[in-house]
Amino acid sequence: MKICEAAGPIGADLSKYEGLKLHGATVTGILEAYNMCQLQPDPGFSDDNNYLKNVIAEEAHLDCFGELPEEKVILADGTDVTEEVLKAEKWLIENSF
């Protein structure tokens with residue numbers, strides 16, 4: 001599985017994102033779902049596309065199709081990775097069904 005995940009745009013090692021959340025969803029979950037979708041023959045049609053929508057609805061009680069509050073994702077070393085995570089989040093929102 002790690003070899004497969006490593007082939008995706010995010011890679012397999014997401015340890016630097018552990019413990020971080022965006023809109024109630026774990027950042028590792030967002031990036032894992034995005035990574036897995038991008039490895040599919042048809043990235044726009046995968047069960048993983050609905051990960052974010054479901055987590056936001058359950059955990060944050062927000063609708064991912066509405067306007068989400070602005071949040072930052074900062075690693076333990078102070079690196080701002082918000083743009084990278086928002087790119088994955090945006091793709092998952094656009095491709096959820």
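Going along the sequence, this chain runs α-β-β-α-α-α, where helices (H or I, at least four residues) and strands (E, at least two) are DSSP runs numbered from the N terminus. That makes four helices and two strands. It's a predicted model, so local features need pLDDT of at least 70 and side-chain atom pairs count only at pLDDT 80 or more, while totals for chains, interfaces and linings use all residues. Residues are numbered from 1 along each chain as its sequence is written, and side-chain values use heavy atoms, with hydrogens and water left out.

**Overall build**
- The radius of gyration (over C-alpha atoms) is 13 Å, close to the 13 Å from the globule rule for 97 residues, so the chain is as compact as a globular protein of that length; the rule is 2.2 Å times the number of residues to the power 0.38.
- Along the principal axes, the C-alpha atoms fill a box of roughly 35 × 35 × 20 Å.
- Buried residues (under 20% relative accessible area, 1.4 Å probe, protein chains only) make up 40% of the 97 residues.

**Contacts**
- Contact here means heavy atoms within 4.5 Å.
- Not counting residues up to four places away in sequence, Leu31 touches Ile10, Leu14, Tyr17, Glu84, Val85 and Ala88.
- Of the contacts between residues at least 6 apart in sequence, 64% join residues at least 24 apart.

Notes: Buried < 20%, exposed > 50% of the residue type's maximum accessible area, 1.4 Å probe, protein only.
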